[in-house]
Amino acid sequence: MNKIPLSLDMDALRSFVAGIEYGSFALAAERLCRSTSAVSAQLKKLEMQCGTGLVVKQGRKLALTPSGEMLLSYARRLLALNDEAQRAVRGEMLQGELRIAMQEDFGESLMPGLLSQLTQQHPGLSITARIDRNRALRQAATEKQVDIALLWQPEEALAESEFLGECPLVWIASSQMEVKALLASGEPLPLVMFDAPCQMRTRAIAALDRAGIAWRIVFTSPSLSGIWAAVQAGLGITLRSPIGLPRNLQIVEAPLPAAGRIGITLWQNHSLTSEAQRVLHDSVYAALVPSLLR
């Protein structure tokens, strides 16, 4: 008689995936509303079921073993299918139109994965995506032209918005630009910035002024693609978050002054059903948090 294959524990798989995506099993426990010890026990149970180690510590960070790396891919698919099956049986598959909006920095790095996840789990959804600057998205949210918007934290928070976390602001330049030599020459630092008003433009200028570094704006653009093109061409440096940073650009540290961190908020149209809100919140949160923790 053939032996029945062992079934992997779905809750343990969920804790495993959450721990890897959030970079911390303590954070995963908080997100899953479980104790850290319970999540650790689930991980040990999963390793026993698999007959091998899945995770190792590298300093303060988690790293996957080869077996853990293999399981992670299967676990995500199993959980997605499990969740889809439950929603279908309960009649909770989302239908209708969904309007998603994001600040430009998140567009290329987060939007593709988010759209893929939503369309796979809710094939009845018709999705409209909008990528724009913070001010335009804030206005769209105020006028309920979108259902969910991922924004840089404004000075005055929108109603119905949730603070998700912070990411650093970093100086970015082309690999060919010698920033130290440029500063040593005494020439004003060339800046590539968005048109005003712009939070990061204001933060960059304030940081340079505090450090006593002369500057001049050599290029402005209404779009992030224009900013990246000008920086890649070596026209100057810019100040942005590292989220969505093009691979051919580099983060410049000393001797430029630190410019602090910037908050990220998630606005939702609370006229949506509670199930739609939960799905949207969880999807965006899962896509964004790993980027904040890198």
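Ser 37, Lys 44 and Met 48 are the exposed residues on the face of helix 3 that is turned away from its buried side. Keep in mind as you look around that this is a predicted model.

**Helix 3**

- Helix 3 covers residues 36–50, and its end C-alpha atoms are 21 Å apart, which agrees with the 21 Å that its 15 residues should span at 1.5 Å a residue.
- Its buried residues are Val 39, Gln 42, Leu 43, Leu 46 and Glu 47. They sit on the same side of helix 3, because the arc they cover around the axis is only 140°.
- The spacing makes sense for a helix: with 3.6 residues a turn, residues three or four places apart point the same way.
- Just after helix 3 comes Gly 51, with a positive phi of about 70°.

**Helix 8**

- Helix 8 (residues 199–211) has 13 residues, and its first and last C-alpha atoms are 19 Å apart, close to the 18 Å expected at 1.5 Å a residue.
- Buried here are Met 200, Arg 201, Ala 204, Ile 205, Ala 207 and Leu 208. Their arc around the axis is only 160°, so they lie on the same side of helix 8.
- Which strands do the buried residues of helix 8 pack against? They pack against strand 5 (148–152), strand 7 (170–174), strand 8 (189–194), strand 9 (215–221), strand 10 (238–240) and strand 12 (261–268).
- Turned away from that buried side, the other face carries the exposed residues Thr 202 and Arg 210.

**Nonpolar cores**

- The largest nonpolar core has 49 residues, and those with the most contacts inside it are Phe 106, Leu 150, Trp 171, Ile 237 and Leu 256.
- Apart from this core lies another, of 16 residues, with Val 17, Val 39, Val 55 and Leu 72 among them.
- In soluble globular proteins, nonpolar side chains tend to be buried together.
- Trp 171 is worth a click: leaving aside neighbours within four places in sequence, its contacts include Ala 204, Ala 207 and Leu 208, which are buried residues of helix 8. Trp 171 is also in contact with Ile 237 and Leu 256, among others.

**A buried asparagine**

- Asn 134 belongs to helix 6 (residues 134–142). Is it buried or exposed? Asn 134 is buried, because its relative accessible area is 14% and the cut-off for buried is under 20%.
- The side chain of Asn 134 reaches the backbone nitrogen of Trp 152 at 2.9 Å.
- Beyond its neighbours within four places in sequence, Asn 134 is in contact with Gln 103, Leu 151, Trp 152 and Gln 199.

**Backbone details to check**

- Most residues other than glycine have a negative phi, and most peptide bonds are trans.
- Cys 33, in the loop between helix 2 (25–31) and helix 3, has a positive phi near 60°. At 72% relative accessibility, Cys 33 counts as exposed.
- Lys 144, in the loop between helix 6 and strand 5, also has a positive phi, near 55°. Lys 144 is partly exposed, with a relative accessible area of 37%.
- Ala 196 and Pro 197 are joined by a cis peptide bond, with omega about 0°. Pro 197 lies in the loop between strand 8 and helix 8.

Key. Residues numbered from 1 in each chain as written. Predicted model: local features only at pLDDT ≥ 70, side-chain atom pairs only at ≥ 80, totals over all residues. Heavy atoms only, no water. Helix = DSSP H or I, 4+ residues; strand = E, 2+ residues; numbered from the N terminus. Expected span 1.5 Å × (residues − 1). Buried < 20%, exposed > 50% of the residue type's maximum accessible area, 1.4 Å probe, protein only. Arc of directions from axis to C-beta. Core = buried A, V, L, I, M, F, W, Y, C linked by side-chain atoms within 4.5 Å. Contact = heavy atoms within 4.5 Å. Polar contact = N/O pair within 3.5 Å; in protein donor to acceptor, adjacent residues only side chain to side chain.
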